[in-house]
Each structure stands twice: as C-alpha cells, then as structure tokens.
Amino acid sequence: MALLKLDIADVRNIESASLSPGEGLNLLFGANGSGKTSLLEAIYLLSRGKSFRSPQSGRIIRFDRPCLTVSGSIGRPGAGIAVGVRLGRSEKEVRVGGRSCDSSAQLIRLFPAVLIHPASVALLEGPPRWRRQMLDWGVFHVEQGYLDLLRRFSRTLEQRNAVLRGEAPGSSLAAWSGELARWGTMIAELRSSYLDRIRMHFGEMVFALLGRTDVELVVRPGWRAGWSYADALAASQPTDRRLGYTEPGPQKGDFAVLVGGRPARDYLSRGQLKLLTYALLLAQAGLLEADQPGRVCLLVDDIASELDSRNQERLLSLVKSTGLQSFVTFSGATQGVAAVVGRTARVFHVEQGRIRTGS
Ligand SMILES: Nc1ncnc2c1ncn2[C@@H]1O[C@H](COP(=O)(O)OP(=O)(O)OP(=O)(O)O)[C@@H](O)[C@H]1O
Ligand SMILES: [Mg+2]
C-alpha cells in the first residue's frame with residue numbers, strides 16, 4: 001500500500017499539481033515559500049480529511065478560489081483505490097472508492113499518515129490534549145470499535161454532567177456514574193496497552209536518535225494511580241457536584257516522557273526535545289507498520305529545523321531505514337542528503353507552487 005498518485009488543485013499556492021510518488025523515500029526540495037509544506041498539507045488532507053496547519057478551510061484554499069481538491073490513488077500498483085477530499089469554505093466532501101463518505105474515518109483507516117514537523121514538539125511541551133489525540137489515533141487503528149467507545153463515553157459524560165449541574169434528576173447519578181466507569185475504564189486500558197506496545201519501538205528510536213537508554217513512557221489514566229475509575233468517581237462526587245462537572249476520567253488522561261527519571265520537557269535542550277518527539281512519532285508509525293504492514297506513510301517537514309547536520313543525517317537515515325513511504329522536505333543546503341539516501345530516493349523540486357520530478 002502506498003500513495004501511488006497525487007493530484008492537487010488550489011491548495012495554498014499550488015494551483016494545480018500531479019505527481020507519482022515513489023513507494024520509499026520522496027525528497028522535496030524548494031526555497032522558502034515555494035510550497036513544500038503545502039504539498040505535505042495536501043497529502044495530510046488526503047489522510048485525515050483536515051489540515052494540520054489550520055482548522056479554517058478558507059486559509060488553505062488558494063486565494064480567490066471557491067474550494068480545493070486533493071485526490072489520489074492508494075494501494076498497490078495496478079490495484080489502487082481512488083480517494084479524494086474536496087474542501088469548500090463551509091462544506092467538505094470525502095470520497096473513497098468512488099463513493100461519498102459521511103465522515104473521514106474510512107479515509108483515516110485506509111491511509112494513515114504520521115506527520116513529523118517542527119511544531120510536533122508541542123506533543124511533549126503542550127497541553128495533554130495533544131498527547132490524548134496521539135494515543136487515540138493510535139488506538140483507533142488497532143481497535144475497530146474505539147471511535148464508538150469514545151462517543152459513548154462522551155455522551156455518558158454529558159449526561160452525568162447534566163445531573164451534576166442540576167439539569168437532570170439527582171437520583172440518576174449512580175446509574176450514569178456506573179456507565180461512565182465502565183466506558184472510561186475500557187478507554188484507559190486500551191490507551192495503556194497501546195503505550196505498552198509502543199514502548200519497545202520508542203526505545204529503539206530514542207537510542208538511534210539520542211543514544212539514550214534511560215527514557216520512559218508513563219501513562220496517566222486521568223484519575224488517582226492505583227484506584228479503579230469507579231472508586232475515583234465515587235470519591236470525587238462532592239467535588240464534582242460543587243464544580244458542576246466530572247473531574248476525573250480519561251478526558252483528563254495523559255502520558256509523560258521521563259528522561260533519567262525527570263520530565264523530558266523540563267530537562268532536555270530544544271533540539272533534543274525535538275528528536276525525542278520525532279522518536280515517539282516514528283515509534284507510532286513503526287508500531288502501526290508492524291500491525292498492518294505497508295500502510296503507513298511518513299510526512300517529515302523541514303528536517304533541518306533546529307537540528308545540527310549530524311542529527312539531520314541521523315533522522316534521515318532512520319526515516320529511510322523504516323522502509324515506509326515517506327515525504328521529506330528540505331529548504332536549505334543539501335550536501336549531506338545525497339550521502340545518506342544514495343540513489344534510492346525519488347526527488348521533486350518545488351518552485352512557486354509548481355512541482356517537477358528531478359534527480
Ligand atoms: N490560501 C493561500 N492562497 C495562496 N497562497 C497561499 C495561501 N496560504 C499561504 N500561501 C502562500 O503559499 C506559499 C507556500 O507556503 P509553504 O508554507 O508551503 O512554503 P514552504 O515551501 O513550506 O516554505 P518554508 O521553507 O519557508 O517552510 C507561501 O508563499 C504562502 O504565502
Ligand atoms: Mg514549510
């Protein structure tokens with residue numbers, strides 16, 4: 001499985017472009033502002049049905065155009081499935097195999113892409129929401145019913161919160177708490193076993209990028225460690241009543257990355273933190289590849305940002321060694337690149353929104 005063909009229309013400065021990516025490493029070279037990130041944004045749109053740069057489609061659609069389209073073919077040569085996303089200012093259409101879909105879920109399942117870019121460091125530095133999103137994306141790909149489970153949990157949480165706010169009969173609190181405990185425990189267990197499985201891949205990536213063996217992933221379910229969720233809900237009932245919402249639960253779930261027993265974000269340099277984030281995302285891609293070989297695509301933007309030349313080379317060789325279909329952008333000097341990738345990569349040059357196959 002790979003992205004075999006890509007057609008882009010009206011994504012930022014890319015008016016129209018068609019390319020046939022290679023199944024391994026694809027290198028995208030171009031000056032600042034040429035359209036490299038926009039090209040990755042287009043591939044990401046095809047993978048998730050949304051952009052990583054802006055939730056507002058008006059910003060992504062080329063100025064003065066009504067909508068953008070990204071379409072492509074995913075699969076093995078000769079047996080690709082047609083996929084497409086059309087984004088207007090207030091409407092979206094997702095198509096898979098020639099059929100319109102109600103949501104992006106089918107697209108996400110068919111074409112999982114992992115994005116690594118300078119802002120990815122927010123995964124370790126930013127609020128828990130980012131880490132939960134990462135976990136949930138990973139669990140979604142291994143657990144068929146996970147999306148339903150998350151929806152059920154959210155609906156039940158809403159109901160319990162309505163009781164806490166006095167908008168529904170107080171007598172139903174025990175029933176909603178029981179149901180919430182059931183769904184919440186399942187979510188926390190799935191997230192925790194996902195982290196258990198990612199650990200080994202993470203350890204390998206961390207060693208390859210940072211040469212360290214003292215990095216740990218610690219899961220936080222969203223309530224007091226060692227307690228069951230049902231007990232945590234019972235204990236927090238008086239607080240929840242006062243607050244008018246449910247305090248503990250997987251809606252507060254998180255994980256921490258510790259280096260030598262200390263939180264990575266308080267201790268590592270900016271470049272090291274970036275490498276650690278990249279190791280985590282590469283581990284996520286590696287785990288999915290192990291589960292469902294040949295499906296995952298890597299998007300790596302601005303590989304040179306804040307990394308010294310040795311680390312850029314390390315990262316590029318690691319990306320190459322995964323064997324995954326990858327798209328890697330470069331804006332700066334390219335001396336080290338040729339040495340690392342040899343002749344195996346497919347090369348594209350991006351110039352003012354135009355893409356040409358190069359060498
Ligand atoms: N909606 C839009 N319509 C047209 N052009 C846009 C739109 N949004 C952004 N642009 C322009 O698209 C160009 C390409 O941006 P992009 O971020 O893809 O460049 P890049 O090659 O990644 O540059 P860098 O190396 O600096 O990261 C920029 O000049 C930007 O101003
Ligand atoms: Mg860019």
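Colleague: What does Arg 270 form a salt bridge with?

Modeller: In this predicted model, the partner of Arg 270 is Glu 306, and the closest N and O atoms of that salt bridge are 3.4 Å apart.

Colleague: And how many salt bridges are there between domain 1 and domain 2?

Modeller: The count between domain 1 and domain 2 is 2 salt bridges, and there are also 5 residue pairs in polar contact between these two domains.

Colleague: Which helices supply at least two residues each to the side of domain 1 that touches domain 2?

Modeller: Those are helix 3, covering 105-110, and helix 12, covering 309-322, with helix 12 giving the largest share of that side, namely 5 residues.

Colleague: How do the residues on that side of domain 1 divide by type?

Modeller: On the side of domain 1 that touches domain 2, 10 residues are nonpolar, 2 are polar and 6 are charged.

Colleague: Stepping back, where are the domains in the chain?

Modeller: Domain 1 is made of two stretches, 1-112 and 296-359, while domain 2 covers 118-291, and the centres of the two domains, taken over C-alpha atoms, are 29 Å apart.

Colleague: How much area do they bury between them?

Modeller: Domain 1 and domain 2 bury about 1,800 Å² between them, with 70% of it on carbon and sulfur atoms. Within domain 1, the residues that lose the most area to domain 2 are Arg 109, Glu 306 and Leu 318, which together make up 31% of what that side buries.

Colleague: And how many residues are in contact?

Modeller: In domain 1, 18 residues are in contact with 18 residues of domain 2.

Definitions and conventions
Residues numbered from 1 in each chain as written. Chains lettered and ligands numbered in written order. Predicted model: local features only at pLDDT ≥ 70, side-chain atom pairs only at ≥ 80, totals over all residues. Heavy atoms only, no water. Domains from an automatic or database assignment. Contact = heavy atoms within 4.5 Å. Buried area = accessible area lost by both parts, 1.4 Å probe. Salt bridge = Lys/Arg side-chain N within 4 Å of Asp/Glu carboxyl O. Polar contact = N/O pair within 3.5 Å; in protein donor to acceptor, adjacent residues only side chain to side chain. Helix = DSSP H or I, 4+ residues; strand = E, 2+ residues; numbered from the N terminus. Nonpolar A, V, L, I, M, F, W, Y, C, P; charged D, E, K, R; others polar.
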